[in-house]
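Hi,

Here is the structure I promised to pass on. Have a look at it first, and then read on for what turned up.

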Amino acid sequence: MKEVIKAVGHVFIKMPQGLLVTLKHLFKKPVTLDYPRKKKPMMPRYRGRHYLERYDDGSERCVCCGLCAAACPADAIYMEPEEGEHGERRAKVYEINLLRCIFCGFCEEACPEEAIFLGQEYEFAADKRNSFLWTKEDMLVPHPRKDNPFKKIIRRVRKVYGVTEQ
Amino acid sequence: MRELRTEEFIVNMGPQHPSTHGVCRLVLTMDGEKIVKIEPVIGYLHRAIEKVMENRTYSQCIPMMDRVEYVTSMSCEYVFSLATERIAEMEVPERAKYLRVIMLELNRIASHLLFYGVTAMDIGALTPFLYGMRERELIIDLFEMTCGQRLTYNYIRIGGVSKDIPKGFEQKCRSALKVIAEKMSDYEGLLNENPIWLKRTKGVGILPKELAIAYGVSGPNLRASGVQYDLRRNDPYCIYDKFDFDIPVRYNGDCFDRYILRLDEIKQSMRIIYQALDGLPEGDVKNKKVKLTFKPPAGETYTRIENSRGELGVYLISDGGKKPLRVKTRGASFNHVQILPHFSTNMLIADLVANFATLDIIMPEVDR
């Protein structure tokens, strides 16, 4: 008889207790994200896709000094210099092979002109190998700059914390 | 009447097996359901990192070291930086040392949380995996906040760390640790007294103390067999001698002890982080003398640290140039794979999976 009472107690007390835990979790905020529709905002220091920065008048910051290519541990950067309209030095070819890039951020740290920086985007899927070879046109920020306050914040934060000297 | 007898047959477990944590192939000789012989075949994840590093400058080696063992990248970066600093006899700022300890211990917690989830999933419990990943995410967020990457950090550099911690890190770190400390009781409640879990782990895969010492097993696996040996205490590096923490030891050496010991280690790591956060001094985070073309003097060193899997060592030879002459890394998982055939025979495949999971082997560290 005692065992029967115990078993009935299990059914009517212990099991609802367990189910209550499940029920509580139904109303909690989920820890997962509905990924392709909702995206997690990345931290300001996140190292995502590469950008080539311009001056305010639209001219390129990059002077093709080759320090980023020298600092790159994966040999992902290739560049060729040329002379611009006003005699300034600039990059004729500037290519980053995203299949080689390991997103270590050394190019950003090495750059004396603060020309290259790593932004927040992180989805690079493509169906052709050639589309991973990014040229200067892919990476230059548009001019006049589109109103993208998010990107300005990144630049500001990076300046505040500073790019470390190596 | 003819006598019935069984015939041995060979089963390939892996290289693409979900419980081998990477690409490890185990050639099993089976007699019915019992394993007679195990032959691990390694090398599927060989990327020649050691050779690649011979063609990179010292600074460029750091992101390469990240890939040696990507679950605790911080310790790999740290051991290479430490080896280079020992050759160059370089001073590291005090704040950088504290930051390094915080990052190393956070990474140890993240690795053990991953172990908790993955091991339980291998053995058949699915909920712990979600629990472990959920809390690991808090720590990964801290890393992303500090160094900008979630898995391969490139944070600890020769002569310090790359960046100072951002504003709000300390508070966020404390709240993350508080959440993990609260959830620890959930973890223990879920598995420690679970009869299925106990049947699968208690008394399974006992690794004797003598065998463990003979094969150079280190880290939590060695401590679960009853040897109190931790490089943080026995060969102190960085500033670990300043902190007050215990080295948890278990004596049975079975799967359950290897599992519970890691949960104990999470608590000790949290103690260390709290002490480091309290005593965090102000100042520089990097030795300013280190340039991109940094050349240490000629010399050689073997430097070892305790990462979440055991002894991680780097044998570094410098000839005075800007590239290392030879880098040899010693991963603890290599020894743990070697020991697998010696104590996992005469058991079922399911128990072998439990053994493999609780040894916490990660293949990139084996093959490099």
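How much area is buried between chain A and chain B, and what share of that area do carbon and sulfur atoms give? The buried area is about 2,300 Å², and carbon and sulfur atoms give 48% of it. Buried area here is the accessible area (1.4 Å probe) that two parts lose on being put together, summed over both.

Before going further, some ground rules. This is a predicted model, so local features need pLDDT of at least 70 and side-chain atom pairs count only at pLDDT 80 or more, while totals for chains, interfaces and linings use all residues. Residues are numbered from 1 along each chain as its sequence is written, chains are lettered from A and ligands numbered from 1 in the order in which they are written, and side-chain values use heavy atoms, with hydrogens and water left out.

Back to the interface. On the chain A side, 21 residues are in contact (heavy atoms within 4.5 Å) with 32 residues of chain B. There are 16 residue pairs in polar contact between the two chains, both residues being at pLDDT 80 or more. A polar contact is a pair of N or O atoms within 3.5 Å; within protein, one must be able to donate a hydrogen and the other to accept it, and residues adjacent in sequence count only if both atoms are side-chain atoms. The elements that give two or more residues to the side of chain A that touches chain B are α2 (67-71) and α3 (106-110) of chain A. Helices (H or I, at least four residues) and strands (E, at least two) are DSSP runs, numbered from the N terminus.

Now the charged pairs. A salt bridge is a side-chain nitrogen of Lys or Arg within 4 Å of a carboxyl oxygen of Asp or Glu. In one salt bridge, B:R157 joins A:E109, with the closest N and O atoms 3.0 Å apart. B:D141 and A:K40 also form one (3.0 Å, N to O). That pair crosses from helix α5 of chain B to the loop between α1 (2-26) and β1 (50-52) of chain A.

Helix α5 of chain B (residues 127-147) has 21 residues and reaches 30 Å from first C-alpha to last, close to the 30 Å expected at 1.5 Å a residue. The expected span is 1.5 Å times one less than the number of residues. After α5(B) comes B:G148, with a positive phi near 90 degrees.

Chain A also has an open sheet of three strands, in the order β2-β3-β5 with antiparallel pairing. Two strands pair if DSSP finds at least two bridges between them. The edge strands are β2 (77-83) and β5 (133-134). Seven bridges link β2(A) and β3(A), with A:E83 opposite A:R89. Their hairpin has five residues between the strands, and A:G87 there takes a positive phi near 80 degrees. Two bridges join β3(A) (residues 89-97) to β5(A), where A:I96 has A:W134 as its bridge partner.

Cheers
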